[in-house]
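Here is a guided look at a two-part model, meant for someone opening it for the first time. Have the picture at hand and follow along.

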Amino acid sequence: MHAPDGFLNAATAVTTGAISAGTISAALRQARTSLQDKQVPLAGLAAAFIFAAQMFNFPVAAGTTGHLLGGALAAILLGPSVGAIVVTIVVIVQAIAFADGGLTALGYNIFNMAIVTAFGGWAAYRILRRVLPNSAAGVVAASGLAAGTSVILSSMAFSVEWLFGATAPVPFDTVFGAMVGVHLLIGVGEGVITGMAVGAVLASRPDLVYGAQDLSKDQLANRKPISTRTFLIGGIGVALLFAVVISQFAGTSPDGLERVAEDTGFAASAQGSAVADTLFSGYATEGIGNETISLAVAGASGAIITALVGYGLISAVRLRRPKVPA
Amino acid sequence: MGAGHAHALFVHEHSKIHHLAPEAKLAAGFVFVVAVAITPREAIWAFVIYWATLLAVIRIAKLRFGFVAARLSVIVPFVLFAVFLPFIASGEKVEVVGIPMSPDGLWAAWNVLAKASIGASVSIILAATTELPDIIRGMERLKVPAVMTSIASFMIRYLELIAGELGRMRVAMTSRGYDPRWLWQAKPIAASAGAMFVRSYERGERVYDAMLSRGYTGAMPDLGHRRAGRKDWLTVVAMPAVGITVALTAIGFT
């Protein structure tokens, strides 16, 4: 998802650039307490870890692989603010030194890959932790599901930016269907790997998991094994939840004509692209009332992203801990 | 630790561009890419001038054209997307060799290809003529927050080490017959990611202790690396000047 220069228009680049700069400077202020000189080498090593983690290719199916994005993993291990800063640095260095992503695309690349994944993933993690049991297994499950969610959020954020800053006349719903469809699959992989990686850290150094600092020793010792299958089912559950929530929002458009379009058009876009192996399957763009539904979907995505990222930011500020024990 | 001391993308050479101060190169490259990004796509001549400028810079930097071209493969996924654009874009269609294409889509594809290739080339030239620690030093002097640059410099310092560790883990797994095809076989990968995080973190703690014992007070000492002087800025100003002039002319014409 490292978009190159000229992929979205200048206004979008400037706007997302401003949002990213603002959020990251807020994160820097917030993290100042934890990023004292001691934490700087640690954060640097963590950044190197995230950089290397993006080289982790995990199998998806039949020998194809995806790679880790790591935003949610960074947020859960290091806390959302430090996590977002670390991933931002990775994205910047990739753009400048490795030509991976454009320099003028840094605004939206940082927003999609660092801010949305770290803060959105953190918010999902906090919410899931309330539902899941207060134990090591609960932390692992919440991490996995939150990481999957963060990837989908990221693809939704990109689609919304496309709505505002498209440089090509490809309709929003085509992009949305393709992006979210493909990232549902990647998200499942991200979730599985993140959950198990957090589990591995919890097993050896539970004190290093920022997101599990509220657990007592007894709760940590409660390690009922969670099978991979549970994760898969959970991941698919989250994916379905997203589909349902979005289609519900889309369904709020009042008249029956649009319902028809929703039933045909939207469902087709959601399923067709998730299943089809071509990135842009021939989904009809001229469905009735498509525009209204596109806007509803875009609005819903925007609302979800804003709500989760906002919640992540607020809980990052509120959850100021004395200091991360080393 | 058989790793080299320069990153893979750096090309050791003694050229005018290699010897420029990093902050001047960074600033010039950035302004140039911004100018390219705001150039209207209809002004094809403008992009020809940009490419010519880049070729000249590659020449002066004593880089091989093939090296830059090969490195451009990072933008391939987006090239594929651009190739699809003329077929999936909405709007009126024109027949090109019997295939219906959208002219808007063709323009969009051209836009992405031209701008992405120029932007990526600038980064490639920058990385090929500047060592990574110098790039970070340049960012520091361009007033990027010190926390970010110091984290970035630690990251770069240890990246190769950690990537090497990852490589060894992978070799170890592969030589024991690990060849996952499906997602539910991914547990060893996750376990090595977790192990790598713990190792990285603990290494960070040791590094910090080692630095403290050598008198670290929270800032790295300036080892007297050369700053950009007037000569650097004068040399470097040609590139953004071309970019801005061409971009403004192109905007004026369309």
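## Buried or exposed: a starting point

Let's begin with burial: a residue counts as buried if 20 or more other C-beta atoms lie within 10 Å of its own, as exposed if 12 or fewer do, and as partly exposed in between, with C-beta atoms placed from the backbone. A:Phe111 is a buried residue, since 27 other C-beta atoms lie within 10 Å. Before going on, note that this is a predicted model, where local features need pLDDT of at least 70, side-chain atom pairs count only at pLDDT 80 or more, and totals for chains, interfaces and linings use all residues. Residues are numbered from 1 along each chain as its sequence is written, while chains are lettered from A and ligands numbered from 1 in the order in which they are written.

Back to A:Phe111, which sits in helix H5 (residues 106-131) of chain A. Helices (H or I, at least four residues) and strands (E, at least two) are DSSP runs, numbered from the N terminus. Which residues does A:Phe111 touch, leaving out those up to four places away in sequence? They are A:Thr16, A:Ile19, A:Ser20, A:Val116 and A:Ala157, where touching, or being in contact, takes two C-beta atoms, placed from the backbone, within 7 Å. A:Ile24 is 87 residues away along the chain, yet its C-alpha atom and that of A:Phe111 are separated by 9.5 Å.

## The two chains

Chain A has 11 helices and two strands, in the order α-α-β-β-α-α-α-α-α-α-α-α-α from the N terminus on. It has 326 residues, 60% of them buried. Take the contacts in chain A between residues at least 6 apart in sequence: 80% of these join residues at least 24 apart.

Chain B also has 11 helices and two strands, but its pattern along the sequence reads α-α-α-α-α-β-β-α-α-α-α-α-α. Of its 254 residues, 38% are buried. With contacts in chain B counted between residues at least 6 apart, 77% link residues at least 24 apart. Chain B is assigned a domain 1 (16-138 + 226-253) and a domain 2 (144-213), with bounds that come from an automatic or database domain assignment. Taken over C-alpha atoms, the centres of these two domains of chain B are 33 Å apart.

## Where A meets B

How many residues of chain A are in contact with chain B? The count is 67 residues of chain A, against 73 residues of chain B. On the chain A side, helix H1 (10-31), helix H2 (39-53), strand S1 (57-61), H4, helix H7 (172-204) and helix H9 (228-251) each bring at least two residues. H2(A) gives the most, with 13 residues. The chain A side splits into 50 nonpolar, 12 polar and five charged residues; here Ala, Val, Leu, Ile, Met, Phe, Trp, Tyr, Cys and Pro count as nonpolar, Asp, Glu, Lys and Arg as charged, and the others, Gly among them, as polar.

## A helix crossing

All 19 of the 19 residues of H4(A) are buried, so the helix is largely enclosed by the rest of the structure. Just past H4(A), A:Ala99 has a positive phi of about 55 degrees.

The partner of H4(A) in this crossing is helix H6 (residues 103-129) of chain B: their axes come within 6 Å and cross at roughly 85 degrees. Axes are lines fitted to C-alpha atoms, for helices over the stretch in contact, and angles run from 0 to 180 degrees between N-to-C directions. H4(A) and H6(B) are therefore roughly perpendicular, the word for angles of 65 to 115 degrees. H4(A) brings A:Ala95, A:Ile96, A:Ala97 and A:Phe98 to the contact, and H6(B) brings B:Ser123, B:Leu126 and B:Ala127. These divide into six nonpolar, one polar and no charged. As for H6(B) itself, 21 of its 27 residues are buried, leaving the helix mostly covered.

## Two lysines with positive phi

Most residues other than glycine have a negative phi. B:Lys62 has a positive one, near 60 degrees, in the loop between helix H3 (44-60) and helix H4 (65-71) of chain B. B:Lys143 also has a positive phi, about 70 degrees, in the loop between helix H7 (132-141) and helix H8 (146-175) of chain B.

Are these lysines buried or exposed? B:Lys62 is partly exposed, with 15 other C-beta atoms within 10 Å, whereas B:Lys143 is exposed, with 9.

Note on methods
Parallel < 35°, antiparallel > 145°, perpendicular 65-115°, else oblique.
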